[in-house]
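Visitor: Could you walk me through this one slowly? I am new to it and would like to start with the overall picture.

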Amino acid sequence: MSFGRRTQKPLLDRLRDMVWPRMGWGRALRYRGRQLMRISGSPHAIAAGAAAGIFAAFSPLFGFHYIIAATLAFILGGSILASAAVTTLANPLTMPMFWAASYEVGTLFLPGSPHFSATALIEQHSWSALEPFIAPLMLGSVVLGGGLALAVYFPVRRLIAMRHQRKQART
């Protein structure tokens with residue numbers, strides 16, 4: 001693995017770094033970008049994998065992000081490794097923001113959706129209280145995830161193609 005460690009971190013440190021990176025968010029994102037640039041494959045495969053990962057990251061189906069990303073990457077002819085690397089954007093700190101944005105976008109397309117109230121859900125103690133929120137959340141996640149996937153695909157494809165051209169020019 002590129003940029004690997006000689007000695008593996010203890011499990012507790014790895015779990016903490018998944019939620020809040022010790023090196024900071026900027027450096028963690030640069031690391032993911034460099035990791036993405038080093039994946040072998042065609043520019044389309046890497047970009048399609050990254051787009052699949054972004055799309056899956058916005059899914060409200062918590063726990064299925066990697067499965068969704070890998071399936072989409074496979075269908076699109078993308079890199080499953082690239083999709084997994086990008087899907088890590090969906091973590092416990094970013095998920096509430098993704099869900100809130102997805103719900104708001106979904107309510108724009110489905111008028112008459114109820115206003116989300118966490119206290120009302122807690123007071124009712126029932127999963128059926130979530131039903132009115134599922135359709136706007138799913139629709140919003142598809143719209144946001146699809147839009148961002150398209151927005152990511154073209155720049156990533158261009159960057160990977162430029163990197164491959166520079167690499168060929170050196171040899």
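**A first walk through the model**

Visitor: Say I start at helix H5, what do its buried residues pack against?

Guide: The buried residues of H5 pack against helix H2 (25–37), helix H3 (43–57) and helix H4 (65–76), where contact means heavy atoms within 4.5 Å. Those buried residues are Ala82, Ser83, Ala85, Val86 and Thr87, with buried meaning under 20% relative accessible area, exposed over 50% and partly exposed in between (1.4 Å probe, protein chains only).

Visitor: Where do these numbers come from?

Guide: This is a predicted model, in which local features need pLDDT of at least 70 and side-chain atom pairs count only at pLDDT 80 or more, while totals for chains, interfaces and linings use all residues. Residues are numbered from 1 along each chain as its sequence is written, and side-chain values use heavy atoms, with hydrogens and water left out.

Visitor: And how many helices and strands are there?

Guide: The protein has eight helices and zero strands, both taken as DSSP runs numbered from the N terminus (helices are H or I with at least four residues, strands are E with at least two). Of the 171 residues, 31% count as buried.

Visitor: Which residues touch the most other members of the largest nonpolar core?

Guide: They are Leu36, Ile46 and Val156, in a core of 14 residues; such a core is a set of buried Ala, Val, Leu, Ile, Met, Phe, Trp, Tyr and Cys residues joined through side-chain atoms within 4.5 Å. H3, H5 and H8 are the elements that give two or more residues to this core, and H3 gives the most, with six residues. Not counting residues up to four places away in sequence, Ile46 touches Leu36, Ile39, Ser40, Gly41, Ser79, Ala82, Val156 and Ile160. There is also a second, separate core of five residues, among them Ala57, Ala90, Met95 and Phe98.

Visitor: Switching topic, how many aromatic pairs turn up?

Guide: A search of the whole structure finds four, where rings of Phe, Tyr and Trp (its six-membered ring) pair if their centres lie within 6.5 Å, and planes under 30 degrees apart count as stacked, over 60 as edge-to-face and the rest as tilted. One of them is the stacked pair of Phe58 and Phe98, at 4.2 Å centre to centre with 20° between the planes. Phe58 lies in the loop between H3 and H4 and Phe98 in helix H6, so the pair ties together parts that are 40 residues apart in sequence.

Visitor: Is Phe58 buried or exposed?

Guide: Phe58 counts as buried, because its relative accessibility is 8%, and Phe98 counts as buried at 16%.

Visitor: What about Ser59, what does that one touch?

Guide: Ser59, which lies in the loop between H3 and H4, touches His65, Ile68, Met95, Trp99 and Ser141, not counting residues up to four places away in sequence. At 9% relative accessibility, Ser59 counts as buried.

Visitor: Now the outside: which residues form the nonpolar patch on the surface?

Guide: Leu11, Leu15, Met18, Val19, Trp20, Trp25 and Leu93 form it, with about 680 Å² of accessible area together. Helix H1 (residues 11–19) gives the most to the patch, with four residues.

Visitor: Where is Leu93, then?

Guide: Leu93 is found in the loop between helix H5 (80–87) and helix H6 (95–109), and at 36% relative accessibility it counts as partly exposed.

Notes:
Patches are made of residues with over 30% relative accessible area and no salt bridge: like charges are joined within 9 Å, nonpolar side chains (Val, Leu, Ile, Met, Phe, Trp, Tyr) within 5 Å. Accessible areas come from the Shrake-Rupley method with a 1.4 Å probe; for residues, only the protein chains shown count as cover. A salt bridge is a side-chain nitrogen of Lys or Arg within 4 Å of a carboxyl oxygen of Asp or Glu.
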